[in-house]
2 protein chains.
Amino acid sequence: MFKGEADLFQSFEETASPEQGPARLEALRAAMAAAGVDAFLVPRADAHQGEYVSAHDERLAWLTGFTGSAGWCVALADRAGVFVDGRYRVQVRAQVADVFEPVDWPEVSLGDWIAEALPKGIVGFDPWLLSLDQHRALAKKLPDRELRALDNLVDQVWQDQPAPPLGEIFVQPLDLAGEAHGEKIDRISQSLTADAAIITLPDSIAWLLNIRGSDIPRNPVPHGFAILHRDGRVSLFCAAEKLVGLGDHFGPKVSVAPVEGFLNAVQALEGRVQIDPATCPMAVAALLNDPHEAQDPILLPKARKNAAELEGSRQAHLRDGAAIVRFLAWLDAQPVGSLTEIDVVKQLEGERRATNALRDISFETISGAGPNGAIVHYRVTEKTNRKVEDNQLLLVDSGGQYVDGTTDITRTIAIGSPGAEEQRAFTLVLKGMIAISRLRFPKGLAGADLDALARVALWQEGMDYGHGTGHGVGAYLSVHEGPQRLARTGKVPFEPGMIISNEPGFYKEGAFGIRIENLIAVEEAPALPGQSVPQMYRFETLTWVPIDLRLIDADLLTEAERDWLNTYHAEVAARISPLVEGGAKDWLSQACRAI
Amino acid sequence: MFKGEADLFQSFEETASPEQGPARLEALRAAMAAAGVDAFLVPRADAHQGEYVSAHDERLAWLTGFTGSAGWCVALADRAGVFVDGRYRVQVRAQVADVFEPVDWPEVSLGDWIAEALPKGIVGFDPWLLSLDQHRALAKKLPDRELRALDNLVDQVWQDQPAPPLGEIFVQPLDLAGEAHGEKIDRISQSLTADAAIITLPDSIAWLLNIRGSDIPRNPVPHGFAILHRDGRVSLFCAAEKLVGLGDHFGPKVSVAPVEGFLNAVQALEGRVQIDPATCPMAVAALLNDPHEAQDPILLPKARKNAAELEGSRQAHLRDGAAIVRFLAWLDAQPVGSLTEIDVVKQLEGERRATNALRDISFETISGAGPNGAIVHYRVTEKTNRKVEDNQLLLVDSGGQYVDGTTDITRTIAIGSPGAEEQRAFTLVLKGMIAISRLRFPKGLAGADLDALARVALWQEGMDYGHGTGHGVGAYLSVHEGPQRLARTGKVPFEPGMIISNEPGFYKEGAFGIRIENLIAVEEAPALPGQSVPQMYRFETLTWVPIDLRLIDADLLTEAERDWLNTYHAEVAARISPLVEGGAKDWLSQACRAI
């Protein structure tokens with residue numbers, strides 16, 4: 001096992017303590033009064049704006065009890081709003097005490113709410129936790145209110161706050177990274193139009209320097225900051241304790257200094273400095289005079305996986321696919337009604353661990369039986385745990401972090417014999433998933449141009465799903481990675497090497513949920529005879545796991561769709577069968593039969 | 001016949017005199033020198049920024065010989081660039097003399113070209129012909145050059161320039177307009193956030209006041225300007241000669257003044273004034289201090305056709321469809337090889353004229369045989385006229401202006417027996433056209449979200465087309481009307497009543513062109529059993545003309561596509577058969593057979 005002695009990465013506890021919320025809010029208000037501010041902002045985010053934060057940064061959960069992956073608390077002397085998006089509207093009501101008012105965000109912006117709730121006064125914030133863009137949006141809504149940066153007031157009142165993480169940093173081997181970090185530094189520094197770029201995203205730093213970290217769960221990244229100089233040097237700011245195992249990996253181009261020296265180093269920079277306003281903390285942005293604002297220059301190079309990263313992903317997916325096939329064979333062999341959602345999660349993680357290559361799960365497995373499958377971001381806890389019953393759908397969305405790649409796969413599985421409604425919906429979702437899988441498209445298009453193709457089969461029946469069709473995925477990095485998306489909001493053109501998920505779904509509230517997800521990678525499409533478009537792309541499929549044939553109404557498929565499905569299953573059998581034994585092998589052969 | 005004694009709206013002459021270009025350019029340069037400017041801008045556009053201009057405003061064609069519907073000449077003392085877009089790159093070389101340099105626009109902007117060609121000096125322009133947005137773009141590229149507004153120098157040197165048009169204005173009957181102009185004025189003026197809105201688009205003025213005009217070809221609009229006051233008054237600026245037939249149509253809310261008084265009236269406005277920067281001439285914008293910039297407030301109400309406008313369009317399409325069916329029956333009866341492209345145009349216009357309801361054609365009919373069909377914006381002239389030969393495709397894109405509606409239809413017709421390549425391409429185009437025709441989609445989506453659905457069948461074979469899938473269409477107004485588009489650039493959500501074209505295509509340069517076009521209107525889709533999306537839209541088909549079955553490879557169609565086609569043809573037969581006689585009736589019944 002790579003890290004930790006626990007038997008399981010995933011836990012099923014409610015970790016927050018909402019009953020403490022009122023007292024903690026009172027303590028915060030006392031600190032606000034002492035600091036002379038009338039409001040204080042408590043975001044879920046840390047200084048690195050990622051999806052996961054360390055225990056040290058769980059300020060929002062500590063204060064309010066709300067454990068979602070995005071949100072804000074705005075504390076005033078007499079009110080406290082908890083801002084959560086559509087995913088968390090039900091959850092927040094169950095998690096926070098009455099002193100907190102849930103606010104529908106982003107429909108209601110922080111600025112508008114504050115403007116109404118606090119006619120005048122000073123709004124305090126921790127400048128490490130607010131990006132330049134967020135600060136601007138707030139300032140625009142509150143033109144005549146002072147926004148005052150100050151030390152974090154939650155940290156002042158949180159007695160037993162865990163220390164910032166000091167997770168070990170590891171070298172990402174060159175044969176998996178595919179490009180030496182010295183070459184990456186040269187390539188990207190030479191592309192800068194400014195004299196230096198500030199890098200605050202941990203996965204950007206990890207990819208650039210060919211390192212991985214262990215400061216937060218699920219994302220193998222180290223916390224730290226970096227300055228990429230146009231002359232080809234990198235200054236990394238990060239605790240020395242984390243680096244002990246790195247030896248001379250960095251070489252002469254990279255200098256390391258304590259994170260406490262970062263702001264001074266920024267201030268000492270000469271020439272034009274580039275920041276990404278979407279993610280650069282105000283603590284940094286406020287030091288710079290007329291910075292050049294541009295997207296983090298590492299985002300696009302990182303998104304375009306090189307040959308080694310793609311090959312790593314293929315290997316990780318074969319290993320992961322075999323684990324899932326063992327899990328699915330096991331699942332089918334259990335007596336109906338004998339399992340709970342948690343049993344499912346444990347068995348699946350156990351199969352991944354049994355590969356002896358699992359470094360982490362890539363997110364909390366979603367295991368939703370029956371109506372729980374319709375909760376798009378469901379995470380099972382001891383409290384919500386349902387029995388997996390006969391004639392239900394079971395939705396399992398999960399992924400593994402392996403040193404050679406990050407996986408993310410959803411399969412929806414028939415338990416017993418679900419009805420015709422479920423089968424019809426499943427087949428319509430599958431048609432969308434196949435449409436993307438077999439698509440060819442001209443160079444230059446982005447996710448927004450293609451998203452409808454995954455939905456039209458559902459639309460024709462008055463159905464749809466309330467999330468994007470796919471997100472970018474990292475190479476042993478974050479399972480949600482930009483800048484490309486397969487969604488109406490995806491404006492970045494697809495380029496060869498980009499890995500994305502293809503995961504249409506359908507959710508009937510209170511009844512069932514369906515999602516089918518493979519990872520795919522953009523590649524050049526070889527020219528067809530008589531092709532007239534100069535350059536076309538297509539998707540290479542990375543995920544090889546059967547799609548449940550018991551849920552398919554074959555009459556609804558076109559011949560081309562059926563061909564795709566049968567070819568896919570033949571390939572699944574050819575690739576995965578050599579990796580599994582016994583009952584799983586038999587199960588696989590049956591699950592991959594042509595229809 | 002409604003207007004004019006000519007037998008034909010369309011002409012086949014080259015109207016420009018390119019051989020005169022060098023002398024005219026020299027005259028312009030003398031005027032530039034006298035006026036003290038180093039450059040002068042000559043756009044194709046008039047003050048109303050439409051697609052058609054009057055003979056008075058044909059400055060670009062007069063100067064350069066270039067007759068395209070968009071473009072610019074930038075005249076310097078020693079060079080003269082003619083800026084044309086992708087449609088006109090071949091045409092411009094054939095039309096202009098050597099003293100004019102064709103420039104690829106908008107890839108090369110006017111500002112960038114001037115910045116390089118004229119290191120310093122004064123750039124003169126006619127402030128009526130440059131919009132605020134255009135002026136801004138130019139000023140941004142030329143920060144240290146003076147842009148000087150002055151009287152049009154082309155008008156100074158153009159000896160026999162035709163006078164501005166004084167075309168008669170007619171009332172658009174209330175039963176066709178569907179809403180009294182007084183009600184429109186109240187509704188839209190009450191929606192203004194400014195105290196007055198400047199309206200410079202002729203079709204906005206025509207729609208608002210329920211009038212139509214005859215100042216320019218093809219678009220039945222009057223030239224003029226208007227001020228819409230928030231208190232529910234309209235000031236119309238327009239030559240009194242045009243209004244003699246209107247009687248007391250306008251009523252008390254509308255006051256009329258000569259167009260010469262417009263700028264003074266703008267200057268005298270009190271309170272906040274709203275302009276559309278995309279189309280408002282600099283002559284107007286320059287008078288206003290801090291205007292409110294917003295889209296022309298009439299665009300969206302005009303785009304959402306009311307019940308009377310939709311019913312008018314249905315009637316116009318039945319009448320137009322019958323004329324086209326007569327034309328198609330005639331075409332099939334001619335001996336192969338006996339016709340030219342011009343014969344085709346004449347016969348088609350003749351059938352439309354024979355309805356005794358045709359007020360104009362809605363644009364120059366595109367009649368492209370064989371390789372000419374691959375020129376997307378082809379207009380046949382005596383010089384380019386081709387024989388329609390055996391075993392070719394003939395592409396005919398045409399439309400009529402009727403008092404109750406504007407039509408626009410493309411059919412691609414088999415002459416003899418075109419080959420399997422043409423048949424396969426035609427069927428792929430048809431699949432895209434059917435995909436849009438039978439689409440249901442959730443409320444809130446725009447053309448950009450749907451455009452791919454018309455292309456995916458082509459994409460799968462490495463094919464595509466280089467234009468949008470569809471444009472908005474007016475109600476006895478412009479055949480190209482915004483703000484919605486069915487294209488990657490279409491960001492305005494579709495709303496019930498919007499009429500758009502559905503016209504995918506495929507073009508093989510030097511060989512053949514295919515386009516299939518119906519007009520369709522957005523409507524609410526009745527809920528399906530079990531529908532989960534709250535509100536869905538679909539398209540009502542307006543165009544009823546057979547699609548050439550001889551060009552369809554039925555094996556490439558899905559069952560759903562074949563069902564759509566057979567249902568469409570059954571409806572064409574049911575609607576059009578009662579409107580045609582004899583041979584056309586027989587032809588129609590055969591052309592509408594089920595496959």
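**View 1. Open sheet of six strands in chain A of the predicted model**. The strand order is S4-S3-S2-S1-S5-S6, and the pairing is mixed. Strands (E, at least two residues) and helices (H or I, at least four residues) are DSSP runs numbered from the N terminus, and two strands pair if DSSP finds at least two bridges between them. S4 (101-104) and S6 (146-149) of chain A are the edge strands; each has a single partner strand, so one side of each lacks a neighbour in the sheet. From one strand to the next, the twist averages 25 degrees. Axes are lines fitted to C-alpha atoms, for helices over the stretch in contact, with angles from 0 to 180 degrees between N-to-C directions. This is a predicted model, in which local features need pLDDT of at least 70 and side-chain atom pairs count only at pLDDT 80 or more, while totals for chains, interfaces and linings use all residues. Residues are numbered from 1 along each chain as its sequence is written, and chains are lettered from A in the order in which they are written.

**View 2. Strands S1 and S5 of chain A, with helix H1**. S1 (residues 39-43) and S5 (residues 122-125) of chain A run parallel and are joined by two bridges. Phe40(A) has Gly124(A) as its bridge partner in S5(A). Helix H1 (residues 21-35) of chain A packs on the sheet and touches S1, S2 (72-76), S3 (80-84) and S5 of chain A. The direction of H1 makes about 60 degrees with that of S2(A). Residues are in contact if their C-beta atoms, placed from the backbone, lie within 7 Å.

**View 3. Contact between chains A and B**. Each chain gives 25 residues to the contact. On the side of chain A that touches chain B, S21 (440-442), H16 (447-450) and H17 (456-459) of chain A each supply at least two residues.

Definitions and conventions: Contact = placed C-beta atoms within 7 Å.
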